[in-house]
Amino acid sequence: MPSSITSDIIKPPAPPRGGGGFGGGGGPDGRGSSRRASMTGLMVLLAATTMAFAAFTSAFVVRRGMSNDWVGLTLPRIVWVNTAVLLVSSLMLELARHALKNGHRTAFNGYWTAGTLLGGLFLLGQGFAWWQLNEAGIFVASNPSSSFFYLLTAAHGLHIVGGLSALAYVDVQALRLRLGPGKRTAVDVSALFWHFVDGIWLYLMVLFLVWG
Amino acid sequence: MSESLAHAHHAPEGFIRKWVFSLDHKVIGIQYYFLALFSVLIGMSLSVLMRFHMVHPDAKVSLFATLWPTAAQGGIMTPELYLSLMTMHGTIMVFFVLTTAPQGGFGNYFLPIQIGAEDMAFPVLNMLSFWTTLVALVVMVSAFFVQGGAPLSGWTGYPPLSGIGALAGPGEGLGQTLWIVSIAIFCGASLMGAINFIATLIDLRCQGMSLMRLPLTCWTWFVTAILGLLGFAVLLAAGVLLILDRSAGTSFFIPGGLLVSDQILSHKGGSPLLWQHLFWFFGHPEVYIAILPGMGVTSQILATFARKAVFGYRAMVYAILSIGFLGFLVWGHHMFMSGMSPYSAMAFSVLTMAIGVPSAIKTFNWIGTLWGGKIHYTTAMMFALGFVSLFITGGLSGIFLGQPALDLYFHDTYFVVGHFHMIMGVAAIFGMFAGTFYWFPKMFGRMMNETLGKIHFYITFVGVYAIFTPMHYLGIAGNPRRYSDFTNFDFLGKLLPVHNFMTQAAYGTAAIQILFFINLFWSMKYGKKAPMNPWNATTLEWTIPSPPPFDNFAGHHPVVNHGPYEYSVPGAPRDFIMQTDPVEVHADS
């Protein structure tokens, strides 16, 4: 039994296809996924994640709009730092991908490792934000605004953990010099997922600032 | 071809890798199928217990006392126990039967084969999806065995009842917590499955398998996966909110000042309606998740056994797509009673009526497919015809319920119970029976017994009409649903004989299902050996041995030259052209 789902994605890229385009063109590939299927799978996953956050948003808007017990939450200062850290980590991943495209493996390793570590730092920072709120006596059930803050940061944090695992996996492979052409799909898929989670965070910040 | 053959894989050795933690979509499909069979046995037993209780509410049954020492003290079922049976019947049937068997079972087994792929796009994800579903089932069933027993809130889990804990009644403690946790786990499993189905269909089609050459089964599995993807993501979010309300003291769904069992709750400001919106945004597409694969199987079988092309293939595809799309716009018709503005109700009502259009197109095209065909009355065909019948019957009562003015009266009566059992329950189950008889030869390499199959069909067909048609009458007469006992109400007294009749019909229909199980398991071992293409059908699964080899096409990559339903083409050498037949066959016509 393979030890992780990533063994699906980490496959040699499919040979070039005859018909090209949107499936149906045919062409041989091994059992399981091709690079294209991995990308499709990622897009579908992002659609599902978007739906879940859309549902949370609609709950947020309805709950806030209809109640008279909503007390606005002052965001802990640290989340601004966290936001910056997350943005820089996305930037690092892009620099890494750029380096890899030009064949600079060492640069790739450096940038990718930096991006991964910054991702971990973001998570720590979010934990610190929770701790600050706790110190201030604001708990999950204190007010709907704090309920939503904890809920949404936790849901987002779970996606960060998933993304971090993928980044760390690629990083370990890269540092052990196992980043052959077959692993490029893993690089692209995990980086795209990370940017998406980054985007979700920016969206949540807007939600907290405008509606929170 | 030698290069392709180099990709051929060998089946893993050893029982565990081959049959338990298998990555093979065919084994996973069979695992899902048996999970659904196990679940349907539980669900059906619960319904028989409920029907028994409705006509004998005061009966002392020592078995009940043994099974539920507190909830059925002295052998008499309490109303709460009845509600918990109802909740578990609905939940198990909807999630673990109607959602798993048509999609996880048949879809997993046949989608990759019908599009000419070796497997799903992500085999490990596929395996995880099955095992996660199994964990969800175990958690769900375990709710029976905890203190207080199973929850009371119905399969829709409306708060406040589902959100305030043990205070609300037996089963609302740990039982309800297990219920919502199981649902959340199930959502995760369904999302994994949906990702796999969508990526597989988009990217793994073989050469020549254009979208308009896909068998309609593949179209329905595809659209079902999209519905599952969008719906289960929302249900998961709603489930998380409910779990927080139950265990973290938040107030998403629980309003303030609620007095329950002489205690004022500390929650404040939440909205029970918010749950209803989120739930039904999933819940209505869920109806189509259950029924769409049945529609696909029916189209496939009607064409095969009428020896005719599906009438209006493109129209069928567009109807499937528009049913999927409209399915997300009508959730409000489950909430006409919630005090929504009449303008919203009007909008939801009009959109609901709009779904009648693609549904009617499908029905019309099924009849058009049969028209003038050389019909072979196999058991699979009988069940497909039964599906069409039930779909029409159940659909017609839907038109009544889609009118807000009528729904206000019907909503809490047996009319609704009759409606959704006809269209979502029994029609979908007939789709599964049809699929079982049609594909069994491919899945197990043997034929099922046709005589047993026909007896099973006729009794089941008459039986389900006998159970569910009177429910519409009861509903019109004002018989409320969810009551455990009708004997104490004067106005319901005259309806008791109807209940008695339905209960007898339910006993008979449930009993005859034993015949199906005998046929299924007997045929697996002793059925007549199945040839490669016993039905002279056209799609790709019939081009490979029964049962198929480990990687479906033994390392070869099929090339598709024909549409999925080329039956009785004039000038062709035989009355069907398989999708992989060379192009020239078609040139004559």
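1. Domain bounds here come from an automatic or database domain assignment, and for chain B that assignment gives domain 1 (15–253) and domain 2 (293–527). This is a predicted model, in which local features need pLDDT of at least 70 and side-chain atom pairs count only at pLDDT 80 or more, while totals for chains, interfaces and linings use all residues. Residues are numbered from 1 along each chain as its sequence is written, and chains are lettered from A, with ligands numbered from 1, in the order in which they are written.

2. On confidence, pLDDT is the predictor's confidence in each residue, from 0 to 100. Chain A averages a pLDDT of 85, and 83% of its residues score at least 70. Over residues 1–32 of chain A, however, pLDDT stays under 50, and for this stretch the model has 82 contacts beyond four places in sequence, a contact being a pair of residues whose C-beta atoms, placed from the backbone, lie within 7 Å.

3. The two domains of chain B have C-alpha centres that lie 20 Å apart, and 34 residues of domain 1 are in contact with 36 residues of domain 2. On the domain 1 side of this contact, α3 (25–55), α5 (79–98), α6 (100–114) and α9 of chain B each supply at least two residues, with α9(B) giving the most, ten residues. Helices (H or I, at least four residues) and strands (E, at least two) are DSSP runs, numbered from the N terminus. By class, that side of domain 1 has 26 nonpolar, seven polar and one charged residues, where Ala, Val, Leu, Ile, Met, Phe, Trp, Tyr, Cys and Pro count as nonpolar, Asp, Glu, Lys and Arg as charged, and the others, Gly among them, as polar.

4. A nonpolar core is a set of buried Ala, Val, Leu, Ile, Met, Phe, Trp, Tyr and Cys residues joined through C-beta atoms within 7 Å; a residue is buried if 20 or more other C-beta atoms lie within 10 Å of its own, exposed if 12 or fewer, and partly exposed in between, with C-beta atoms placed from the backbone. The largest such core has 229 residues, of which B:Ile198, B:Leu229, B:Ala233, B:Val234, B:Ala237 and B:Ala434 touch the most other members. Helix α9 (residues 216–247) of chain B gives the most to this core, with 22 residues, and the core draws at least three residues from each of domain 1 and domain 2 of chain B. Leaving aside residues up to four places away in sequence, B:Ala233 touches A:Ala48, A:Met51, A:Ala52, A:Ala55 and B:Leu191.

5. Helix α7 (residues 123–142) of chain B was checked for length: at 1.5 Å a residue its 20 residues should span 28 Å, and its end C-alpha atoms are 29 Å apart, which agrees. The expected span is 1.5 Å times one less than the number of residues. The buried residues of α7(B) include B:Phe130, B:Thr133, B:Leu137 and B:Met140.

6. Two cis peptide bonds deserve a look. One joins B:Pro159 and B:Pro160, with omega about 5°, and B:Pro160 is found in the loop between α7 and α8 (174–203) of chain B. Another runs from B:Ser546 to B:Pro547, with omega near -10°, and B:Pro547 lies in the loop between α17 (496–526) and β3 (566–567) of chain B.

7. B:Asn552, although not a glycine, has a phi of about 70°; its place is in the loop between α17 and β3 of chain B, and B:Asn552 is buried, with 23 other C-beta atoms within 10 Å. B:Ser568, likewise a residue other than glycine, has a positive phi near 50° and sits in the loop between β3 and β4 (576–577) of chain B, where B:Ser568 counts as partly exposed, with 15 C-beta neighbours inside 10 Å.

Note on methods: Contact = placed C-beta atoms within 7 Å.
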